[in-house]
Amino acid sequence: MAGKPFYLTTTLPYVNAEPHIGFALEIVHADIIARYKRLMGDEVFFNTGTDEHGQKIYQAAQKEGKAVEAYVDHYAQTFEILKQGLDLSYDAFIRTTNPAHVVAAQELWKRCAAAGDIYKKKYKGLYCVGDEAFLRESDLVDGKCPNHPNMAIQEIEEENYFFKLSNYQDKLLQYLSNPEVILPAWRREEAVAFVKQGLEDFSISREKSRMSWGVPVPGDETQVMYVWFDALTNYISTLGWPEDTEGKFKKFWQEGEVVQVAGKDQIRFQSIIWQAMLMSGGVKTTDKVVYHGFITSGGQKMSKSLGNVIEPLGLVKEYGTDAVRYFLARHVPTFEDSDVTLERFKTAYNADLANGLGNLASRIMQLAQTHLDKGARPEVSGFPKEYTEPLEKFEIYKAAEYVWQCIAELDVKITETAPFKLVKSDPEAGKKLIFELTQELYLIGRMLNPFMPATNEAIKKAVIENKKPENLFPRKD
RNA sequence: CGCGGGGUGGAGCAGUAGUAGCUCGUCAGGCUCAUAACCUGAAGGUCGCGGGUGCAAUUCCCGCCCCCGCAACCA
């Protein structure tokens, strides 16, 4: 039943802020897929990490009066807390300041250069001295830097390295002609349309004198890599590329199935630029990139000024890890944008977890504990296709919906068969029925494994030990 | 004519060429094993608007209106 080795990675969040629910969504969805694959018997390598270079991080560190190294260490730790809070099962946490990663980024650079895809060119940009950074035209407010409106924007020219993305137009179109390469399908159309428009070469370095916090460009003391060139390399550096002393790169990247998860704004980076970099460096391209939607809150983007920011660890603290994982799985469809509010979260929690799953476990296990002598684990074979098929297509919410359909059906069954009556009139038949119910509960718990690992364990334990569990999801009023 | 997504009962969403479903909320019953939980039933929608093709369209085609992202060196 087991398939090829499975490689899965999220994008790396930039460490200039606390983790927000958007990233929680990405990593929880990825975690669910990773756990599902393991459940199916596949060997999985699940990667995440932090993107720690770049101007913004350098500035944020200065603002907090910290050394950059100390600053990025602090944030790397925040993400460690997220691992516990969301019960994440990643196998590797790559930090782009990791020396081995730096070496890998430089190696990929060298290979792209050797392929003739890197050249020097003058770059002209709008530079704000206050920010010590280049800005985009669209960043400007009335032609001024929004952070430093009293400083004049300078048009500065510097010499940078460029990557010949334009060389890869045809190869990228060929790559994108494979319908497997992007999920959902309509995002692939978007990528194709973008490539067909014509591709421009990208600047991939900055003058060190202006931007020092980055990976040194091989063979040029005066330049550092522009963050994304370095950051994208993490997907292979985490596997030990290029040395690959442990053979993980070979096993998971070259011979395995390679899947990336990313936000819908990442198409250009993940499915176009990164793929071109891989082609240039002579490395296998990504098999599939899955693009998820964004979370809004109250119909708007989350922002501190609007006060509608939902902080994942805060939700975990109040409702518990599995409740948050559940909500992200079932009520945030994989590919679409979703609106998340505390009210909606609470409604879903009470309806589906407290009244649904939690109550079902209570009523069945109360009967079992009272009337059965001992519990047992059921004979299990596979999983229903209503469950596996959507998960294979990353339609996590559909699989979750199926599980909740089973929960509802079991509630109906209890009402209709009335084991609490039967056990009085015909104890043997009643016991048999109650036992059956515990077995069905067990199977529901088993399907919950990727979504809610701790709940799966709790239900398994309850059935086997024939003991009513502690209130799994207390009602919140 | 920039690209894409979406407009379905009070709210949030599924869905399909042929009696329009789910969750929450509302109303009325039932049950008592359970976390004032669970089950049954009811009210409530001309499936954004206007055309077209079909025996038949919410579902296919065309036009329009509205909302939301994106529009490249921002990870």
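Glu207 is partly exposed, at 23% relative accessibility. Here buried means under 20% relative accessible area, exposed means over 50%, and partly exposed lies in between (1.4 Å probe, protein chains only). Arg210 is also partly exposed, with a value of 23%. The two side chains, Glu207 and Arg210, meet in a salt bridge with an N to O distance of 3.9 Å. A salt bridge is taken as a side-chain nitrogen of Lys or Arg within 4 Å of a carboxyl oxygen of Asp or Glu. This is a predicted model, in which local features need pLDDT of at least 70 and side-chain atom pairs count only at pLDDT 80 or more, while totals for chains, interfaces and linings use all residues. Residues are numbered from 1 along each chain as its sequence is written, chains are lettered from A and ligands numbered from 1 in the order in which they are written, and side-chain values use heavy atoms, with hydrogens and water left out.

The structure holds 27 salt bridges. One of them joins Glu180 to Lys288, with the closest N and O atoms 3.5 Å apart. This pair links distant parts of the chain, 108 residues apart. Glu180 lies in the loop between helix H5 (169-176) and strand S7 (182-183), and Lys288 lies in strand S12 (residues 288-292). Helices (H or I, at least four residues) and strands (E, at least two) are DSSP runs, numbered from the N terminus. Glu180 is partly exposed at 48% relative accessibility, whereas Lys288 is buried at 10%.

Another salt bridge pairs Lys460 with Glu457, the closest N and O atoms being 3.6 Å apart. These two residues are three apart in helix H18 (residues 453-465), so about one helical turn separates them. Lys460 is partly exposed, with a relative accessible area of 25%. Glu457 is partly exposed as well, at 42%. Salt bridges also link Asp31, Arg35, Asp87 and Arg325 in a network.

Arg325 belongs to the buried residues of helix H12. This helix (residues 321-330) is mostly covered, and 10 of its 10 residues are buried. Among them are Asp322, Tyr326, Phe327 and Leu328.

Six strands form an open sheet with parallel pairing, in the order S3-S2-S1-S11-S12-S7. Strand S3 (92-95) and S7 stand at the edges with a single partner strand each, so one side of each has no neighbour in the sheet. Two strands pair if DSSP finds at least two bridges between them. S7 and S12 run parallel and are joined by two bridges. Across this pair, Leu183 stands opposite Val290 in S12.

Strand S11 (residues 257-263) is largely enclosed by the rest of the structure, because six of its seven residues are buried. Four bridges connect S11 in parallel with strand S1 (residues 6-9). Leu8 has Val259 in S11 as its bridge partner. Five bridges connect S11 to S12, again in parallel. Here Gln260 stands opposite Val289 in S12. S11, helix H10 (residues 267-281) and S12 make a right-handed β-α-β unit. A crossover is right-handed if, with the strands pointing away from the viewer, the path from the first strand over the helix to the second runs clockwise.

The largest nonpolar core has 89 residues, of which Leu357, Tyr387 and Phe451 touch the most other members. Such a core is a set of buried Ala, Val, Leu, Ile, Met, Phe, Trp, Tyr and Cys residues joined through side-chain atoms within 4.5 Å. Helix H13 (residues 342-371) supplies the largest share of this core, 12 residues. Apart from it lies another core of 49 residues, including Ala104, Met225, Trp253 and Met277. Leaving aside neighbours within four places in sequence, Phe451 is in contact with Arg325, Ala329 and Tyr387, among others. Contact means heavy atoms within 4.5 Å.

Pro419 is found in helix H16 (residues 419-425). Pro419 is buried, with a relative accessible area of 0%. Beyond four places in sequence, Pro419 touches Leu367, Ile414, Leu433, Ile434 and Leu437.

No disulfides are counted, a disulfide being a pair of cysteine sulfur atoms within 2.5 Å. Cys112 is buried at 0% relative accessible area, and Cys406 is buried at 15%.
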